[in-house]
Amino acid sequence: MTCEGFKEEYPYTDCIAYEKNHKTISAQEKGKKFIINNISKKVFIKVRIDNCIFRTSNNRKCDYLFINCNDDILYLVELKGAHLEHAIKQLLQTIDEFKDKKFYNNSAVVNAYVIMSKARTPALNLTDEIKLRKKLKSKNGIFSRKVGSLKIEV
């Protein structure tokens, strides 16, 4: 239901990379990688968000959205240099843009990930990070950040 709802809301076919049950689903940019090891052969949609779905928006959004069509799970991904605070703001802006959309509200879980090329030590309790974690918790989701690459299994 989430995948159909997304395609109804955003019929930009050039922003959707595929709708398949690939073994490995990934996004990478300048040495940073987000990888889904799809051992359960779920059907996923990979969507470019920033400067694609949101072509005319003034605020920057996260880089990618992966939708697990079988389980109605959303994965928001930001590939970033070293600015964690900026990445978190982009994730929050993406969630705010989606919050009134049917596909977002029908999703069972929303997770968010930041993959950075460098680790800077930010304040432990960033206000925006607390806000992000709270929003994700309301959608049964998690927030995770990693340097270099992040691999998850579904």
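Is Asp72 buried or exposed? At 17% relative accessibility, Asp72 counts as buried. The legends below describe close-up views of a predicted model.

**Figure 1. Asp72 sits in the loop between β5 and β6.** The phi of Asp72 is positive, about 55 degrees, although Asp72 is not a glycine. Asp72 is buried because its relative accessibility of 17% falls under 20%, the limit for that class.

**Figure 2. Tyr10 and Phe98 form an aromatic pair.** The structure holds 10 aromatic pairs. A pair of aromatic rings is described by the distance of the centres and the angle of the planes. For Tyr10 and Phe98 these values are 6.0 Å centre to centre and 65 degrees between the planes, and the pair is edge-to-face. The pair links distant parts of the chain, 88 residues apart. Tyr10 lies in the loop between α1 (2-9) and β1 (16-20), and Phe98 lies in helix α2 (residues 84-98). Tyr10 is buried, at 7% relative accessibility, and Phe98 is buried too, with a relative accessible area of 1%.

**Figure 3. Phe44 and Tyr75 form a tilted pair.** The ring centres of Phe44 and Tyr75 are 6.0 Å apart and their planes stand at 35 degrees, so the pair counts as tilted. This pair also links distant parts of the chain: Phe44 belongs to strand β4 (residues 44-48) and Tyr75 to strand β6 (residues 73-80), 31 residues apart. Phe44 is buried, with a relative accessible area of 0%. Tyr75 is buried as well, with a relative accessible area of 3%. Both residues belong to a cluster in which ring pairs link Phe34, Phe44, Tyr64, Phe66, Tyr75 and Tyr113.

**Figure 4. Phe98 is among the residues that touch the most other members of the largest nonpolar core.** This core has 34 residues, and Phe6, Leu65, Leu76 and Phe143 are listed with Phe98 as touching the most other members. At least two residues of the core come from each of α1, β4, β5 (64-68), β6, α2, α3 (102-106), β7 (109-116) and α4 (127-138). Helix α2 gives the most, with 7 residues. Leaving aside neighbours within four places in sequence, Phe98 is in contact with Tyr10, Ile49, Phe54, Leu65, Leu76, Phe103 and Tyr104. Apart from this core lies another, of 18 residues, among them Ile25, Phe34, Ile73 and Leu79.

**Figure 5. Lys139 lies over the face of Tyr104.** The distance from Lys139 to the ring centre of Tyr104 is 5.3 Å. Tyr104 is also one of the residues in contact with Phe98.

**Figure 6. Ala87 is a buried residue of helix α2.** The relative accessibility of Ala87 is 0%. Leaving aside neighbours within four places in sequence, Ala87 is in contact with Glu78, Lys80 and Val114. The C-alpha atoms of Ala87 and Ile115 are separated by 9.1 Å, and the two residues are 28 residues apart along the chain.

Figure 7. α4 has 12 residues and reaches 17 Å from its first C-alpha to its last, close to the 16 Å expected at 1.5 Å a residue. Its buried residues are Glu129, Leu132 and Leu136. They cover an arc of only 60 degrees around the axis, which puts them on the same side of α4. An α-helix has 3.6 residues a turn, so residues three or four places apart point the same way. The cover over the buried residues of α4 includes α2, β7 and β8 (143-147). On the face turned away from the buried side are the exposed residues Thr127, Lys134, Lys137 and Ser138.

**Figure 8. Asn140 lies in the loop between α4 and β8.**

Note on methods:
Residues numbered from 1 in each chain as written. Predicted model: local features only at pLDDT ≥ 70, side-chain atom pairs only at ≥ 80, totals over all residues. Heavy atoms only, no water. Phe/Tyr/Trp six-rings, centres within 6.5 Å; stacked < 30°, edge-to-face > 60°. Helix = DSSP H or I, 4+ residues; strand = E, 2+ residues; numbered from the N terminus. Buried < 20%, exposed > 50% of the residue type's maximum accessible area, 1.4 Å probe, protein only. Lys NZ or Arg CZ within 6 Å of the ring centre and 35° of its normal. Core = buried A, V, L, I, M, F, W, Y, C linked by side-chain atoms within 4.5 Å. Contact = heavy atoms within 4.5 Å. Expected span 1.5 Å × (residues − 1). Arc of directions from axis to C-beta.
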